[in-house]
Amino acid sequence: KWHGFDNDRIRIDCGIHAEYTSNHQLWDGLSAYAKEKGLGMQLHLSESAQEAESCADRTGLYPAQLLDCHGMFSVPATAAGCAGLTPEEIELLGRRKATAVITPATAAKNGCAATDILACVKSGMNVTLGTGGVHECGSMDLFDQLRGCIQDARRNAGKIEAMPAHGGDVAMTMVRGKILYQNGRFPTIDLNAVVEELTTYAIPKLFSDDQ
């Protein structure tokens, strides 16, 4: 009912919590269902090195490798965490064009290593920011996550140029699918009319002798 609602603004995905809270029967069935219905996949993936090593000890494969064997990345997949991925897994997920949702503040609070953002991007993965729950990171402020993301990338690379970012780098602002700002332009605002109103009404009113 809701998949594709509001001119495709709302989309429904399939999902599991994580590798260690589900099993291969579910992965096989869910990946087949997602393919049949044209849905994406969501999951938590290798949020820590300990989680990844536990999977390797139990199954002989790391989480991304194991789940890939059961088709979990054969549809567009969004994976939260990704801090414990091995270089081989990053390469695999890059080939699958998976999306990583990194949560720097949550990882830092829990004493986990940071996601190797630059390696993920270089592999072909899409990298996005998430917050986790308030109980995990203490704040739902994405700008806090952005600061952590930048610091982690610079620390991992050992150079400040690894990831420059500030407010002026914002390329687009969108609300409910409508672009309000993009690359220096404000398509919903008549700037000529704004300037005219400022010069003919607002500024004279502010600085008139009657004030």
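The legends below describe close-up views of a predicted model.

**View 1. The largest pocket and its lining.** The largest pocket holds about 330 Å³ of space. Its lining consists of Phe143, Leu146, Arg147, Ile150, Ala165, His166, Gly167, Asp169, Val170, Ala171 and Met172. Helix H9, which spans residues 142–157, gives the most to this lining, with four residues. By residue type, the lining of the largest pocket divides into seven nonpolar, two polar and two charged residues.

**View 2. The second largest pocket.** About 200 Å³ of space lies in the second largest pocket. The lining of this pocket has 19 residues, and those nearest its centre are Glu47, Gly81, Thr103, Thr106 and Ala107. Helix H6 (104–109) and helix H9 each supply at least two residues of the lining. H6 gives the most, with three residues. Nine residues of the lining of the second largest pocket are nonpolar, six are polar and four are charged.

View 3. Helix H3 covers residues 49–59, and within it Glu51, Ala52, Cys55 and Ala56 are buried. An α-helix has 3.6 residues a turn, so residues three or four places apart point the same way. Gln50 and Asp57, on the other side of H3, are exposed. Strand E2 (40–45) and helix H4 (63–69) are among the elements that cover the buried residues of H3. Just after H3 comes Gly60, which takes a positive phi of about 85°.

**View 4. The aromatic pair of Trp2 and Phe5.** Two aromatic pairs are found in a search of the whole structure. In the pair shown here, the ring centres of Trp2 and Phe5 are 4.8 Å apart and the ring planes stand at 75°, so the pair is edge-to-face. An angle over 60 degrees is what places a pair in that class. Trp2 has a relative accessible area of 43% and is therefore partly exposed. Phe5 is also partly exposed, with a relative accessible area of 41%.

**View 5. The aromatic pair of Tyr181 and Phe186.** Tyr181 and Phe186 form a tilted aromatic pair, with 5.0 Å centre to centre and 50° between the planes. Phe186 counts as partly exposed because its relative accessibility is 37%, and the limits for that class are 20% and 50%.

View 6. Thr115 sits in the loop between H6 and helix H7 (117–123). Leaving out residues up to four places away in sequence, Thr115 touches Gly81, Cys82, Ala83, Ile102, Cys120 and Asn156. Gly81 is also one of the residues nearest the centre of the second largest pocket. Cys149 is 34 residues from Thr115 along the chain, and the C-alpha atoms of Thr115 and Cys149 are separated by 8.7 Å.

Key. Residues are numbered from 1 along each chain as its sequence is written. This is a predicted model: local features need pLDDT of at least 70, side-chain atom pairs count only at pLDDT 80 or more; totals for chains, interfaces and linings use all residues. Side-chain values use heavy atoms; hydrogens and water are left out. On a 1 Å grid over the protein atoms alone, a cavity is a set of points where a 1.4 Å probe fits but cannot get out, and a pocket is an open set with protein on both sides within 12 Å along at least five of seven lines; lining residues have an atom within 4 Å of a point. Grid points are joined across faces, edges and corners, and a volume is the space filled by probe spheres set on the points. Ala, Val, Leu, Ile, Met, Phe, Trp, Tyr, Cys and Pro count as nonpolar, Asp, Glu, Lys and Arg as charged, and the others, Gly among them, as polar. Buried means under 20% relative accessible area, exposed over 50%, partly exposed in between (1.4 Å probe, protein chains only). Contact means heavy atoms within 4.5 Å. Rings of Phe, Tyr and Trp (its six-membered ring) pair if their centres lie within 6.5 Å; planes under 30 degrees apart count as stacked, over 60 as edge-to-face and the rest as tilted.
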